[in-house]
Amino acid sequence: MTALGLVLLSMMGFSPMKSGMVTRDEWGARSPTLVEHFKGPAPFVIIHHSYQPEACYTNEACRKAMRSMQDYHQLTHGWNDIGYSFAIGGDGMIYIGRGFNTIGAHAPKYNDKSVGICLIGDWRTELPPPQMLNAAKQLIEFGVAKGYIASDYKLMGHRQVRDTECPGNRLFNEISSWDHFAVKANTTENEIK
């Protein structure tokens, strides 16, 4: 979601903090070096875990985790911005990364057609707390309701589109029971262009 989108939602009575969203300014984001948009709605939602930084459970710790991820993505990898569209902290808050309909850097071949949601922490053996899982589901529902995510979207774990253990075994097993979970990544030539 762009800054303009947040302003428009605010004018309609939507308050990001009251709704559980933390804006880029609120978590202390550095400006992106480039912002590229894609036409929505996004047909895919891809779930990630951060592995590092570890899980955060306070607003202060989660803001620090967001800045750490952005530093790693921008300063170490040289990416335009934090790779994810959104991240969710153990405080149950949704942290705006690149936002909706912005090309990400989280899943090759899907960056220009997906919403990448990172659950902050290492979810290989432990299940994220209920407030994180609920926030992820609410974010997806919000995206569908506002037309940012296609109503027939496919939900996948990062490992389904790339050779990685992300989003961790425990989280992957959890999301495989969610609505819209795609057992196989559909990567036909028409879908990955």
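The largest pocket of this predicted model has a volume of about 500 Å³. On a 1 Å grid over the protein atoms alone, a pocket is an open set of points where a 1.4 Å probe fits, with protein on both sides within 12 Å along at least five of seven lines; lining residues have an atom within 4 Å of a point. The volume is the space filled by probe spheres set on the points, which are joined across faces, edges and corners. Of the 24 lining residues, Tyr 72, His 73, Trp 79, Tyr 84 and His 158 are the closest to the centre of the pocket. Strand 2 (42–49) and helix 3 (59–76) are the elements that give two or more residues to the lining, and helix 3 supplies the largest share, 4 residues. Here helices (H or I, at least four residues) and strands (E, at least two) are DSSP runs, numbered from the N terminus.

Residues are numbered from 1 along each chain as its sequence is written. Local features need pLDDT of at least 70 and side-chain atom pairs count only at pLDDT 80 or more, while totals for chains, interfaces and linings use all residues, and side-chain values use heavy atoms, with hydrogens and water left out.

The protein chain has 5 helices and 6 strands, which run α-β-α-β-α-β-β-β-α-β-α from the N terminus on. The 6 strands form an open sheet of mixed pairing in the order 1-4-3-5-2-6; two strands pair if DSSP finds at least two bridges between them. Strand 1 (21–22) and strand 6 stand at the edges with a single partner strand each, so one side of each is left without a neighbour in the sheet.

Strand 2 pairs in the parallel sense with strand 5 (residues 114–119) over 6 bridges, and Val 45 stands opposite Val 115 of strand 5. Strand 2 also pairs in the parallel sense with strand 6 (residues 149–157), over 5 bridges; there, Lys 154 is the bridge partner of Phe 44. At the edge formed by strand 1, the pairing with strand 4 (residues 94–96) is parallel over 2 bridges, and Val 22 stands opposite Tyr 95.

Across the 193 residues of the protein chain, 50% are buried. Among contacts (heavy atoms within 4.5 Å) between residues at least 6 apart in sequence, 72% join residues at least 24 apart.

Technical notes. Buried < 20%, exposed > 50% of the residue type's maximum accessible area, 1.4 Å probe, protein only.
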